[in-house]
Amino acid sequence: MVKTNDSLYSALVDKKLVPVIKISDPDSSEQLADALITGGLSVAEVTFRTGCAAEVISRMKNSRPGMFVGAGTVLTVAQAEAAVSAGADFIVSPGLDADVVRYCQKAAVPVVPGCVTPTEITAALALGLSTVKFFPASSFGGAAAVKALSAPFPDVAFIPTGGIDMRNLRDYTSLGCVLAVGGSFMATEKLIADKAWDEIAARTRSALAAICAP
Ligand code: 3PG
């Protein structure tokens with residue numbers, strides 16, 4: 001199996017699933033965390049697509065200390081700093097920015113940049129990384145592309161994200177090079193805004209069952 005940062009690896013290798021969260025109301029932080037936990041998952045990636053992302057990360061971490069909460073859509077060093085100050089356990093970016101990567105390495109926080117080409121993966125390796133996000137996965141060739149990329153990069157772990165749902169989840173998680181998949185389908189922006197906690201828990205449970213199914 002691929003090697004990667006220890007804390008990130010151990011948090012993701014078991015369930016292989018990362019809910020990608022876009023949340024606008026920080027007061028829903030605790031209930032959203034509980035819905036995911038009820039569904040069987042103690043991991044979340046809270047995206048910096050809303051102004052309250054850092055607050056949500058902080059509230060999830062403080063109220064549910066067992067959760068592994070990362071920051072997503074981190075585009076700048078300033079956002080990475082805000083995420084780390086809020087207690088983020090890991091940082092995810094849609095693309096590869098060397099300054100963001102170096103900042104996270106200095107802060108000793110796992111960082112997962114988006115890479116979809118051999119050149120981008122080579123740049124990530126040169127920065128000392130071994131885990132990359134493959135985003136947007138469905139638009140860049142899906143599971144077949146991840147499999148093809150893993151041939152020349154056998155020590156790279158991939159986290160495909162973008163266009164993943166119940167229909168294609170296993171195409172990715174059945175690949176040995178895939179550490180986990182990310183997606184918003186379990187906890188969509190609308191489900192969160194509607195406070196549909198039971199539905200989020202049910203979707204999370206179904207996704208985990210699909211990944212585990214023989
Ligand atoms: C991400 O930020 O990783 C993606 O927006 C999640 O993609 P999805 O909404 O297609 O799952």
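Which residues surround the ligand? I looked this up before anything else, keeping in mind that the model is predicted. I found Val20, Arg49, Lys133, Phe135, Thr161, Gly162, Gly163, Gly183 and Ser184 around the ligand. I sorted this shell by residue class and got two nonpolar, five polar and two charged residues.

Next entry, the place of the ligand. I checked the pockets and noted that the ligand sits in the largest pocket.

I began with Arg49, where a polar side-chain atom lies 2.3 Å from an oxygen atom of the ligand. I then turned to Ser184 and read 2.6 Å between an N or O atom of its side chain and a ligand oxygen. For Gly163 I noted a polar backbone atom 2.7 Å from an oxygen atom of the ligand. I followed this with the surface of the ligand: taken alone, the ligand exposes 310 Å², and the protein buries 81% of that area.

Last entry, the cysteines. How many disulfides does the structure hold? I counted zero. I took Cys212 as a case to follow up. Its sulfur has its closest cysteine sulfur in Cys177, 18 Å away. A disulfide needs the two sulfur atoms within 2.5 Å, so I wrote down that the Cys212 sulfur is too far from that of Cys177 for a bond.

I also asked myself: is Cys212 buried or exposed? I have Cys212 down as exposed, because its relative accessible area is 62% and the cut-off for exposed is over 50%.

Key:
Residues numbered from 1 in each chain as written. Predicted model: local features only at pLDDT ≥ 70, side-chain atom pairs only at ≥ 80, totals over all residues. Heavy atoms only, no water. Near = heavy atom within 4 Å. Polar contact = N/O pair within 3.5 Å; in protein donor to acceptor, adjacent residues only side chain to side chain. Areas by Shrake-Rupley, 256 points an atom, 1.4 Å probe, with all protein chains shown as cover. 1 Å grid on protein atoms, 1.4 Å probe; cavity = no way out; pocket = protein on both sides within 12 Å on 5 of 7 lines; lining within 4 Å. Sits in = over half its atoms within 2 Å of the grid points. Nonpolar A, V, L, I, M, F, W, Y, C, P; charged D, E, K, R; others polar. Buried < 20%, exposed > 50% of the residue type's maximum accessible area, 1.4 Å probe, protein only.
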